[in-house]
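Subject: Structure for you to look at, with notes

Dear colleague,

Please find the structure just below, and keep it open beside these notes while you read.

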Amino acid sequence: MVVRMAGEELHELGAQGARRAKRWLDRTTRADARWVTPDRVAVPKLTFEWADGSTFSFDLGGLLLGEALDGQEFLAEVKYYTSSGAQGKMYEEYLAKCYRAYSSRPDRCDNFMWITWAPFSVTSWATLCDAETVRTAVLQHRQKSLGVDDVASAEAVISGDLVAATAERLWLIVLSRRQEEQLQMSARHLALIRQHEIEQAS
Amino acid sequence: MPRVFAGAVRDALFAIDGVESVERIKDAVSGALRDADPGVKVVRTGHFNNSYSPDLVLEWPGDPAHEPRSVFLRPTQSPEVLAEDVEALGNGHTVFFQLDEFVGTEARDRLGSSARDRQALVTEVGSVERLADARLTSAGAGLLASSVVRAGFGLIPEDRASEVSSRVAQGFEGASRVDAAATAIAVDQLRESLQPTESQRLVSVLQAVWLGSGGSPADFPASDRELSPVLSVESLRFLLALNAVEDDNFWERVAHGLTLSALQALGSAEPSPALQRLVRAALPRLRAKACFVRPDGEERGSDLVWLVEQGALALAGPRFTARVSERLSDIARRGAAGNGPTLDDLVRRAQSAGIAILELEATNGSRSVRYSAEGSSDITHDEGVTFVTDALGGSASIRRAGTRFRSGQHFEVNFEWMWGTGRTAARPAVGEVLWSAVNLLLPLNSPERDALRAVLRLSDQVEPSPDLQARYVAAEEVDAPRTQKALPPVD
């Protein structure tokens, strides 16, 4: 059963989800989730162009911190849902977005994250980040991601290298409310880290 | 007036490249903060808009006692989201910058009260710019700008900043006219915008202006607990900029308890009329132990003037500059060793100035002789003192001479290096130190000696009182252990 919500409520829920995901990511101490929908400052950093000139955006973005990840950028789609809903189809479109974004601006696409509160596509769960799944998604959305109408032209134009590279950059993250609200670093410990960072900066 | 830094932030918000966006935003915020408070040092962290870590850290190298302040840059357009942040992270050592316009007004009251409750400052780049700009028209409002950066709190959006500034400006103007109502407006505004210690500092400056303009302490519209015993270097500079105040009583009040270190903390100060009045008023109570005299070629007019240079109080005349300090190493510079005066010269200088010489050391380059009195009698009247130079042959010169002040402290003058230093732990009066050092180290003529006597107020010496409270002490004065330094070579 799909619950229909008014447009404004959906937006608000979307914004809430982005904020929750941002908080959770920041508090891992391994990310700076700087660009948060719907902040105006975030829009240019999260927006890309389809082949037909229309635009699409991610919900969240920023930098990863520390060790091997340090300095890498990430872009994230956030689904603050209570049930799987239509995530299957949305995820497929998201994969096409990732391919498109990586093809046009590879320098900004080090990592793509799908952050959800509700598991989906359970039977194909294990392959959701595979190159084959990406390829299928790109072909399904070929008008926007490749700029061609028929499947044959799409198969000729699609790049196996870009598909593989996109797949390598995929993260699938499932959160639960209790987890992201309570099972994270305590305010006290974060204060210690903050104090350490202030001293390091000086 | 166009808001330069605020405009730069707005442009930077919409840059496509994230790293560039952040750097430009931080550049603009840092620029606005430094404009408002030239003493602040802005340090960047590697974060932006992070949930728990600040974007910038503010420090005050000239005031190590002042704790660092964390700055959080917030691009959200929601006052409610910002209020949540203030509630989670805010305290007296935090500043939150709203970078983009708010949409919706519901949570603004909540934002204001959260900021006030936590003593955090929530403001905009444009507000900080407006506060800094006010310095152009009002020195008092200028003081406010740096105080807000250091210890401001509450919500100061851009559309309120001018009002805050002008209330304080009117208050300073009112204090100079002894207008209690106008002054009270400023006192209220200071209380509302600054954390207690900082508010007390500025209210004290306001009171200094009030008193200097003839107002009585009883009529000043603030209670005693709102006044600070400590006048910061900034406030002292502000008062020195009030050259229009000629009232010696005003300067007596400001100078009461002023120490040498407070003057030194200014770093440098021009020989303005205000500084002359201030030092003149403070002189009977100033103590120092060392003096360094530099024969100058600098043209400075015929008068003797006080100034502060390189962190030392100095008296400058047409032919010399004499610096005083607690420690010789603070002020002395080794030049080429010079030849001292002949014995005759020394005797003439000492007797003209009424200075008793208790001992001396003479040298001819290869041999030296020391001649001193047992006890404390003046050897310059001895018939036998000439044997010193006879023993050394014709080319003898005096290398060192020792004297004793009225208060009993011994003082030694060194002619090779042109300095004088006390030899006991007690610190003699600056006037005595300068009188002895300058008269012995230089061949002054009679008018020069008279001018020196007048400037040093030698007839007005005050015995140091043990319970004298240093009311006005530089905020920078920190009791840190000091080590002996080697003398630096001449520049």
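A salt bridge here is a side-chain nitrogen of Lys or Arg lying within 4 Å of a carboxyl oxygen of Asp or Glu. Please bear in mind that this is a predicted model, in which local features need pLDDT of at least 70 and side-chain atom pairs count only at pLDDT 80 or more, while totals for chains, interfaces and linings use all residues. Residues are numbered from 1 along each chain as its sequence is written, chains are lettered from A and ligands numbered from 1 in the order in which they are written, and side-chain values use heavy atoms, with hydrogens and water left out.

**Salt bridges in chain B**

Over all chains, the structure holds 42 salt bridges. One of them joins the side chains of Arg294(B) and Glu309(B), at 3.4 Å from N to O. Because Arg294(B) sits in strand 7 (residues 290-295) of chain B and Glu309(B) in strand 8 (residues 305-309) of chain B, this pair ties together parts that are 15 residues apart in sequence. Strands (E, at least two residues) and helices (H or I, at least four) are DSSP runs, numbered from the N terminus.

For accessibility, buried means under 20% relative accessible area, exposed over 50%, and partly exposed in between, with a 1.4 Å probe and protein chains only. Arg294(B), at 25% relative accessibility, therefore counts as partly exposed, whereas Glu309(B), at 15%, counts as buried.

A second example is Glu361(B) with Arg400(B), whose closest N and O atoms are 2.4 Å apart. This pair links distant parts of the chain, with Glu361(B) in strand 11 (residues 357-363) and Arg400(B) in strand 13 (residues 397-404) of chain B, 39 residues apart. Both Glu361(B) and Arg400(B) are buried.

Arg406(B) lies in the loop between strand 13 and strand 14 (410-414) of chain B and Glu432(B) in helix 17 (residues 430-441) of chain B, so the pair ties together parts that are 26 residues apart in sequence. Arg406(B) is exposed, at 63% relative accessibility, while Glu432(B) is buried, with a relative accessible area of 11%. Salt bridges that share partners also join several residues into one network, among them Glu359(B), Glu361(B), Arg370(B) and Arg400(B).

**Where chain A meets chain B**

Which residues make up the contact, and how many come from each chain? Chain A gives 28 residues and chain B gives 32, where contact means heavy atoms within 4.5 Å. Across this interface the rule finds two salt bridges, and the side chains of Arg40(A) and Asp100(B) meet in a salt bridge at 2.7 Å, N to O.

**Helix 4 of chain B**

Helix 4 (residues 108-117) of chain B has as its buried residues Leu111(B), Gly112(B), Ser114(B) and Ala115(B). They cover an arc of only 165° around the axis, which puts them on the same side of the helix; the arc is that of the directions from the helix axis to the C-beta atoms. These buried residues pack against helix 3 (79-89), strand 5 (121-123) and strand 6 (154-156) of chain B, whereas the face turned away from the buried side carries the exposed residues Asp109(B) and Asp117(B).
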